[in-house]
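Thanks for making time this morning. I would like to walk through one model with you, beginning with a term we will need and then going on to the metal sites, the strands and a few individual residues.

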Amino acid sequence: MPHRPQKIVVNKEEKVMTIVWDDGHESRYPFRLLRERCPCAECREEPQDPPEGMLVLRLAPRDELDSVELVGSYAIQFFWSDGHHHGIYSWDLLRRLCPCPTCSREQRRS
Ligand SMILES: [Zn+2]
Ligand SMILES: [Zn+2]
């Protein structure tokens, strides 16, 4: 059974989202981590080598959040202040992104 959140708290001032899961586990996600792991096609696309003689500059993704919305009962969607909002973060993905020591140890094992 995939885990589901019991409580989601978004703190725009500290730029942290906290999820309390149905098994009591608590995850704290800095906005920057969420933005960097945006699952949308645009963000996951590998940067292409530019044609010879050309340079491509990429701006670091912003970690300012405008709002958060639930997508059905299976995911949430972030609306970043630079207008980006294509990533749908399923509970499954969020649980896997949990940066706490316990979860990162489990990820390394599998
Ligand atoms: Zn994205
Ligand atoms: Zn964790």
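When I call a residue buried, I mean that its relative accessible area is under 20%, whereas exposed means over 50% and partly exposed lies in between, computed with a 1.4 Å probe on protein chains only. With that in hand, both Cys 98 and Cys 100 are buried, and of the 110 residues of the chain, 31% count as buried.

Before going further, please keep in mind that this is a predicted model, in which local features need pLDDT of at least 70 and side-chain atom pairs count only at pLDDT 80 or more, while totals for chains, interfaces and linings use all residues. Residues are numbered from 1 along each chain as its sequence is written, chains are lettered from A and ligands numbered from 1 in the order in which they are written, and side-chain values use heavy atoms, with hydrogens and water left out.

On confidence, pLDDT is the predictor's confidence in each residue, from 0 to 100, and the chain averages 90, with 97% of the residues scoring at least 70. Helices here are DSSP runs of H or I with at least four residues, strands are E runs of at least two, and both are numbered from the N terminus. The mean confidence is lowest in helix H4, residues 101–109, at 83, and highest in strand S2, residues 16–21, at 98.

In outline, the chain contains four helices and six strands, arranged along the sequence as β-β-β-α-α-β-β-β-α-α. Its C-alpha trace spans about 55 × 35 × 25 Å along the principal axes. If contact means heavy atoms within 4.5 Å, then among contacts between residues at least 6 apart in sequence, 37% join residues at least 24 apart.

Let me turn to the metals, where donors are N, O and S atoms within 2.8 Å of the metal, or 3.2 Å for Na, K and Ca, and where sites may look incomplete because water is not among the atoms. Which residues hold the zinc ion that is ligand 1? Its protein donors are Cys 38, Cys 40 and Cys 43 through SG and His 84 through NE2, at 2.0 to 2.3 Å, and they follow the spacing C-x1-C-x2-C-x40-H along the chain. Cys 38, in the loop between helix H1 (31–36) and helix H2 (41–44), and His 84, in the loop between strand S5 (75–80) and strand S6 (88–90), are 46 residues apart, so that this pair links distant parts of the chain. Both Cys 38 and His 84 are buried.

Four donors count as tetrahedral if all angles lie between 85 and 135 degrees. The angles around ligand 1 run from 103 to 116 degrees, and therefore the arrangement is tetrahedral. For orientation, the ideal angle for four tetrahedral donors is 109.5 degrees.

The zinc ion that is ligand 2 is coordinated by His 25 (NE2), Cys 98 (SG), Cys 100 (SG) and Cys 103 (SG), at 2.1 to 2.3 Å, with the spacing H-x72-C-x1-C-x2-C. This site, too, is tetrahedral, with angles of 104 to 118 degrees among its four donor atoms.

Now the strands, two of which pair if DSSP finds at least two bridges between them. S2 and S3 pair in the antiparallel sense over five bridges, and Met 17 has Tyr 29 in S3 as its bridge partner. Their hairpin has four residues between the strands, and Gly 24 there takes a positive phi near 90 degrees.

Glu 26 itself is partly exposed, because its relative accessible area is 48%. Leaving aside neighbours within four places in sequence, Glu 26 is in contact with Thr 18, Ile 19 and Val 20, and its C-alpha atom is separated by 8.7 Å from that of Cys 98, 72 residues apart along the chain.

Six bridges join S4 to S5, and Val 68 stands opposite Phe 78 in S5.

Finally, Lys 15, in the loop between strand S1 (5–11) and S2, has a positive phi of about 55 degrees although it is not a glycine.

Key. Tetrahedral: all angles 85-135°; square planar, octahedral: opposite > 155°, others 65-115°.
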